[in-house]
Amino acid sequence: MIYEKAPAKINLTLDVLSKRPDGYHDVEMIMTTVDLADRIWLRPTMDHAITIQSSHRFVPNDRKNLAYQAADLLRKRYRLDYGVEITLDKNIPIAAGLAGGSSDAAATLRGLNRLWELGLSLDELAVLGAEIGSDVSFCVYGGTAIARGRGEDITHLPAPPNCWVVLAKPTIGVSTGNIYGQLNLSSITHPQTERMMEALQESNYDKMCASLGNVLEPVTMGLHKEVVILKEQMERFGADAVLMSGSGPTVFGLVKHESRVPKIVNALKGFCQDVHAVRMLGEPIVVD
Ligand SMILES: C[C@@](CO)(OP(=O)(O)O)[C@H](O)COP(=O)(O)OP(=O)(O)OC[C@H]1O[C@@H](n2ccc(N)nc2=O)[C@H](O)[C@@H]1O
Ligand SMILES: Nc1ncnc2c1ncn2[C@@H]1O[C@H](COP(=O)(O)OP(=O)(O)O)[C@@H](O)[C@H]1O
């Protein structure tokens, strides 16, 4: 039995550069992993089937599950007929902008590479991951990186300065495709991606806070007032800087001083069920 941890990501920046002929968008986004993770167990079976067991009733247990698609892709690409039972212990909120499904797929690729002794590098797994979804390549490595192309072109960056991350997800789901579809490219205020990269190089917390930006935030906020309210509340209760992650609806707040975290968490819990206070992970996943 193989165990893998599948951490969530947040977007420190998210810029959209252009719409592509294939329907996707060219993006430029800085992502980092946080210590909120799904747990995945991979158990070999004799029946040549891929099965999914999940602790969460809204997670599909068939081929719609991104972890299933990861196993299926490896089996087809390397002409294998091994059976595997994939058990998912979900902790990352679903359809939240935190890449939970993508991280499960990435962890399944890493884990099956070990279980089936395929000898693939992380770079090779990241290329395969791009066939499953735009965020899977980043999730194969974890850590901190700038992602370009449709998200699959990864350049590693230094870990962010240490701080707390308070995550809060309102009880609405958003469709990533719908949010990209409603973006008006001619009226975008681009985030300061270069400045964020400098902040990470310099390990400058204040500069990192001042450089947060996500062009999808106004789109999701225009559709869901809950996100606007949550961001305002997090700022009011004392987070140093607040941004929506990915296509949302999760909002995260950066907090330098640990003593301020309980007050923010308790205040948010009054009107939002899904609240987590976690640390940045920041460093890439290490494989033996
Ligand atoms: C917005 C981001 C930011 O990290 O994440 P989430 O909010 O989903 O976590 C990503 O770009 C989401 O990546 P991912 O969730 O893997 O998206 P995919 O399954 O590949 O695509 C879902 C849909 O989003 C749109 N899409 C996605 C990526 C991209 N670069 N351009 C797009 O236009 C397309 O309409 C696509 O059909
Ligand atoms: N392993 C998985 N965990 C969560 N959701 C999954 C998984 N596999 C497929 N999905 C589907 O993907 C959709 C988006 O899931 P998720 O990755 O949690 O969101 P996001 O891309 O916004 O971070 C969900 O609606 C769900 O039906």
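The following legends describe close-up views of a predicted model. Local features require pLDDT of at least 70 and side-chain atom pairs count only at pLDDT 80 or more, whereas totals for chains, interfaces and linings use all residues. Residues are numbered from 1 along each chain as its sequence is written, and chains are lettered from A and ligands numbered from 1 in the order in which they are written.

View 1. The chain is divided into domain 1 (2–156) and domain 2 (164–279), with bounds that come from an automatic or database domain assignment. Their C-alpha centres lie 23 Å apart. The contact takes 22 residues from domain 1 and 32 residues from domain 2, two residues being in contact if their C-beta atoms, placed from the backbone, lie within 7 Å. On the domain 1 side, strand 1, strand 2 and strand 5 (144–148) each supply at least two residues; the largest share, eight residues, comes from strand 1. Helices (H or I, at least four residues) and strands (E, at least two) are DSSP runs, numbered from the N terminus.

**View 2. The shell around ligand 1.** Both domain 1 and domain 2 give residues to this shell, so ligand 1 lies between them. Of the 20 residues around ligand 1, Gly133, Ser134, Gly177, Gly246 and Ser247 come nearest; a residue is near a molecule if its C-beta atom, placed from the backbone, lies within 6 Å of it. Strand 1 (2–19), strand 2 (25–45) and helix 5 (176–181) each supply at least two residues of the shell. By class, the shell has six nonpolar, twelve polar and two charged residues (Ala, Val, Leu, Ile, Met, Phe, Trp, Tyr, Cys and Pro count as nonpolar, Asp, Glu, Lys and Arg as charged, and the others, Gly among them, as polar).

**View 3. The annotated active-site residues.** An unreviewed UniProt entry places the feature "active site" at Lys9 and Asp135; such annotations may be inferred rather than shown by experiment, and positions follow the numbering used here, with feature names shortened. These residues span 127 residues in sequence, yet no two of their C-alpha atoms are more than 9.5 Å apart, so they gather at one spot. Lys9 lies in strand 1, and Asp135 is found in the loop between helix 3 (122–129) and helix 4 (136–141). Lys9 counts as buried because it has 29 C-beta neighbours inside 10 Å; Asp135 is likewise buried, with 29 such neighbours (buried: 20 or more other C-beta atoms within 10 Å of its own; exposed: 12 or fewer; partly exposed in between; C-beta atoms placed from the backbone).
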